[in-house]
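Biologist: Could you take me through this model? I would like to begin with the overall picture and then look at particular sites.

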Amino acid sequence: MANKDAQPMICPSSGVHIVLPDYYSPEGMGLIVPKTKDGRVVFMLPWLGRTLAGTTDSNTAITSLPEPHEDEIQFILDAISDYLNVKVRRTDVLSAWSGIRPLAVDPKAKNTESISRDHVVSEDYPGLVTITGGKWTTYRSMAEDAVDAAIKSGKLTPGSGCLTQNLHLIGGDGWKPSSFTVLAQQYVRLKKSHTGKIVPGVMDTAVAKHLSHAYGTLAERVATIAQNENLGKRLAHGYPFLEAEVAYCARHEYCESAVDFIARRCRLAFLDTDAAGHSLPRVVEILAAEHNWGKSRKKQEMQKAKEFLETFKSSRNAQFRDGKHQ
């Protein structure tokens with residue numbers, strides 16, 4: 001609005017990641033290749049009980065539902081195969097997705113080599129502070145730099161310096177690595193069987209650790225729902241996510257859709273596309289009970305979630321022709 005002839009300040013870049021079984025990365029150990037044959041960076045890291053591998057970096061168009069191309073998935077598989085003594089198979093890919101990075105082009109730069117992986121703060125017009133680029137994991141640093149620039153621009157006198165370094169995330173205050181033991185010792189998971197019978201289950205170590213790491217000191221609230229409201233069943237076989245989390249996120253974390261839960265409240269869509277698909281009916285059922293959805297809204301939620309999961313190119317989502325994925 002300040003300058004109709006302003007040049008683009010963002011260069012969208014596609015980053016593809018894939019998820020493989022846990023046996024590709026020992027617990028607590030990762031692998032990074034700073035320079036592959038074509039000069040790219042590739043890594044393998046243990047993530048939420050599975051192995052995360054990536055990444056690509058290529059120009060892309062902006063779309064609300066980006067999809068990974070098969071050649072990008074194959075590039076990652078080929079690159080990590082060079083450094084392992086086991087065969088990495090396309091059929092091992094539990095989930096594959098594409099994200100769009102907003103790489104910042106510094107408006108003051110004279111050449112295109114200044115495309116940045118970091119954020120850029122600028123003030124081209126007095127009082128108009130612009131921040132571009134960056135990433136989720138550096139949001140606090142981004143906010144601090146933007147506010148500092150605004151303070152300087154407005155010649156303001158803040159009452160204190162930035163406090164973000166000492167602010168805990170919700171649930172972080174008082175949390176300890178051993179906090180999960182309280183959940184394992186003091187709570188049970190009550191769940192309804194297919195016949196409607198209430199069946200008790202232990203708050204096993206995997207579930208207790210997951211709840212503790214995901215919710216911090218608020219994990220006991222989730223455990224209470226699992227125990228008192230018969231929502232202690234796992235949403236997907238082999239994963240520690242509980243039905244109680246859907247109810248908790250709807251009540252306390254503004255979870256308003258099935259996609260929101262499977263992708264952002266828990267990471268099931270990113271970890272295992274097939275498992276996320278199997279969990280959908282139950283996720284929708286619990287959200288419907290929490291938000292008083294009717295039949296049409298439930299149907300709409302299922303449809304949207306299925307369309308979303310189709311963009312995750314797991315081995316099941318890819319098409320086989322003559323033994324190859326097309």
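Biologist: What kind of model is it, and how many helices and strands does the chain have?

Modeller: It is a predicted model. The chain contains 10 helices and 13 strands. Its C-alpha atoms fill a box of roughly 70 × 60 × 45 Å along the principal axes.

Biologist: How much of the chain is buried?

Modeller: Of the 326 residues, 40% are buried. As for contacts between residues at least 6 apart in sequence, 64% of them join residues at least 24 apart.

Biologist: Let us turn to the helices. How many residues of α6 are buried?

Modeller: Eight of its 10 residues are buried, so α6 is largely enclosed by the rest of the structure. The buried ones are E243, A244, E245, V246, A247, Y248, C249 and A250.

Biologist: What do they pack against?

Modeller: The buried residues of α6 pack against α4 (205–215), α5 (219–228), α7 and α9.

Biologist: Which residue just after α6 takes a positive phi?

Modeller: That is Y254, with a phi of about 60°.

Biologist: And α7, is it mostly covered or mostly open?

Modeller: Helix α7, residues 258–265, is mostly covered, with six of its eight residues buried. These are A258, V259, D260, F261, I262 and A263. The elements covering them include α6 (243–252), α8, α9 (273–291) and α10.

Biologist: A change of topic: how many aromatic pairs are there?

Modeller: The count comes to eight aromatic pairs. One of them joins W97 and F312, whose ring centres are 6.5 Å apart with 40° between the planes, a tilted arrangement.

Biologist: Where do these two residues lie?

Modeller: W97 belongs to strand β6, whereas F312 sits in the loop between α10 (295–309) and β12 (320–321), so the pair ties together parts that are 215 residues apart in sequence.

Biologist: Why do you call W97 and F312 buried?

Modeller: The cut-off for buried is under 20% relative accessible area. W97 counts as buried because its relative accessible area is 13%, and F312 counts as buried because its value is 3%.

Biologist: Which other ring pairs with F312?

Modeller: F270 does, in an edge-to-face pair with 5.2 Å between the centres and 80° between the planes. F270 lies in helix α8 (residues 268–271) and F312 in the loop between α10 and β12, so this pair ties together parts that are 42 residues apart in sequence. F270 is buried as well, with a relative accessible area of 14%.

Biologist: Which residues form the aromatic cluster?

Modeller: W47, W97, F270, F308 and F312 form one cluster.

Biologist: Back to β6 for a moment. Is S98 buried or exposed?

Modeller: S98, which is found in strand β6 (residues 95–105), is buried, with a relative accessible area of 9%.

Biologist: What does its side chain meet?

Modeller: The side chains of S98 and S14 are joined by a polar contact of 3.2 Å. Not counting residues up to four places away in sequence, S98 touches S14, G15, V16, P66, E67 and P68.

Biologist: Where does P68 lie?

Modeller: P68 is in the loop between β5 (58–59) and α1 (70–81). This proline is buried, with a relative accessible area of 6%. Leaving aside neighbours within four places in sequence, P68 is in contact with V16, I73, A96, W97, S98, T311 and K313.

Biologist: How far apart are P68 and V120?

Modeller: Their C-alpha atoms are 27 Å apart in space, and the two residues are 52 apart in sequence.

Biologist: One last topic. How much space lies in the second largest pocket?

Modeller: That pocket holds about 320 Å³. It is lined by 13 residues, and the closest to its centre are A6, Q7, M9, D124 and Y125.

Biologist: How do the lining residues divide by type?

Modeller: Eight residues of the lining are nonpolar, three are polar and two are charged.

Conventions. Residues are numbered from 1 along each chain as its sequence is written. Side-chain values use heavy atoms; hydrogens and water are left out. Helices (H or I, at least four residues) and strands (E, at least two) are DSSP runs, numbered from the N terminus. Buried means under 20% relative accessible area, exposed over 50%, partly exposed in between (1.4 Å probe, protein chains only). A polar contact is a pair of N or O atoms within 3.5 Å; within protein, one must be able to donate a hydrogen and the other to accept it, and residues adjacent in sequence count only if both atoms are side-chain atoms. Contact means heavy atoms within 4.5 Å. On a 1 Å grid over the protein atoms alone, a cavity is a set of points where a 1.4 Å probe fits but cannot get out, and a pocket is an open set with protein on both sides within 12 Å along at least five of seven lines; lining residues have an atom within 4 Å of a point. Grid points are joined across faces, edges and corners, and a volume is the space filled by probe spheres set on the points. Ala, Val, Leu, Ile, Met, Phe, Trp, Tyr, Cys and Pro count as nonpolar, Asp, Glu, Lys and Arg as charged, and the others, Gly among them, as polar. Rings of Phe, Tyr and Trp (its six-membered ring) pair if their centres lie within 6.5 Å; planes under 30 degrees apart count as stacked, over 60 as edge-to-face and the rest as tilted.
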